[in-house]
Amino acid sequence: MQFDTRVVHDGQPNDPLTGAISFPIYQTSTFSQAEAGAPMEYMGRTLSYARSENPTRTALENAVASLEGGAFGLAFSSGLAAVNTALSLLSAGDHVVACRDLYGGSYRLFTKVYARFGVSFDFVDTTDAGEVERSLRPNTRLLWLESPSNPLLCVTDIAAVSAIARAQGVLTVVDNTFATPYLQNPLALGADVVVHSTTKYLNGHGDVIGGAIVTDDTGIRDRLKFHQNAAGAIPGPQDCFLVLRGLKTLSLRMERHCANAAKIASHLSEHGLVERVYYPGLPSHPGHAIARRQMRAFGGIVSFVLRAEVEASRRFLSRLRVFTLAESLGAVKSLACHPPSMTHASVEPEVRRAAGVADGLIRLSVGIEDAADLVDDLDRALEGVPAGTRRPRAHCASTSLAPAT
Ligand code: PLP
């Protein structure tokens, strides 16, 4: 069946017990057993305790797995809990190669937590397959990718670099939060594990924190499933229900997010006060051709820098009326943020700058409102912003970053 049908049906059967067309919220902490050690089987899972299994969570896990074209799904209490669980595949002494432009919370978990347990990280320009190959070591276990990346929308050729990693016995993990399974399926491109913050587009309404992992590999699934139960960062059934509800409109929402973002990116790129726009849908974006190949459309996030940079960003953000100044992304409501002081505040300024993230960078999560109202809001906010002068251009793929650990 096609994606647009699966997004409504898969993992979300009519309730087998009552026929309810909306899958129920199993709000329970445990399940009765007819005899000690003989728990009930339901939907192919053994129901003993709700940290281990809950049918509403099973429905969400099956739904996300189907949309990513993977055999197994696991749901978590946050995107970072999913990231953390993927990292549980590592042991002390292992090495990870990660994209150097990535979500600040993932960077913080890598460098402030896992580095203390003897895992080392190199942050490299994964848009350069040669650099990826050169950075692999005998003890490299994971290649960690975001494509498009947060916040610079760098596009990595997932098929090319995952083939390089596989040839060296290295697993590729793709954080597919920005693209969503509607736009891109990393497993089909050669990745081993897909991670999501379901907080974002999969739920889509800005009212849940959650995460998910999908894989095709039974051995990886067993290790991640063990960690999910052993560490216990599971989502509650109400949150699973909300993500299941949000998922049903993923295709429709993504179409509008992408259309609105494309209009805004091209509008901003022609605005005299704007220094640079980062959007993979612009033909000038260095990853445009790869994005065309590996994505169905170019996503709903647009980042940009104003000519008068930091001072202008503050003024601009405070003047927005339809866009809300807030962390997060992927909701129906448009949001704007200043990554250096918000989502990426935990990345050291010199590391952030070396990765190409300007001090005045603005990231827009373009919602599903009327595009003309969004453009008007941006134009109104840009009025009165200091003009600044044109500076030499630097792109995310052309600067280098020393290993952070
Ligand atoms: N991955 C990406 C690309 C993100 O942007 C985020 C959060 O912004 C996360 C993971 C973490 O997700 P959560 O906030 O649900 O823990």
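1. A nonpolar core here is a set of buried Ala, Val, Leu, Ile, Met, Phe, Trp, Tyr and Cys residues joined through side-chain atoms within 4.5 Å; buried means under 20% relative accessible area, exposed over 50%, and partly exposed in between (1.4 Å probe, protein chains only). Before you read on: this is a predicted model, where local features need pLDDT of at least 70, side-chain atom pairs count only at pLDDT 80 or more, and totals for chains, interfaces and linings use all residues. Residues are numbered from 1 along each chain as its sequence is written, and side-chain values use heavy atoms, with hydrogens and water left out.

2. The largest nonpolar core holds 76 residues, and Leu268, Phe316 and Leu364 touch the most other members. Helix H11 (residues 250–269) gives the most to this core, 7 residues. (Helices, H or I of at least four residues, and strands, E of at least two, are DSSP runs numbered from the N terminus.) Another core lies apart from it, with 30 residues, including Tyr107 and Val351.

3. What does Leu364 touch, leaving aside neighbours within four places in sequence? Its contacts (heavy atoms within 4.5 Å) include Ile264, Leu268, Phe323 and Leu378.

4. Most peptide bonds are trans. The one from Ser147 to Pro148 is cis, with omega near -10°, and a cis bond also joins Asn150 and Pro151, with omega about 15°. Pro148 sits in the loop between strand S6 (140–146) and helix H6 (158–167), and Pro151 is in the loop between S6 and H6 too.

5. Met43, not a glycine, has a positive phi of about 50°. Met43 lies in the loop between strands S1 (40–42) and S2 (45–47) and is partly exposed, at 28% relative accessible area.
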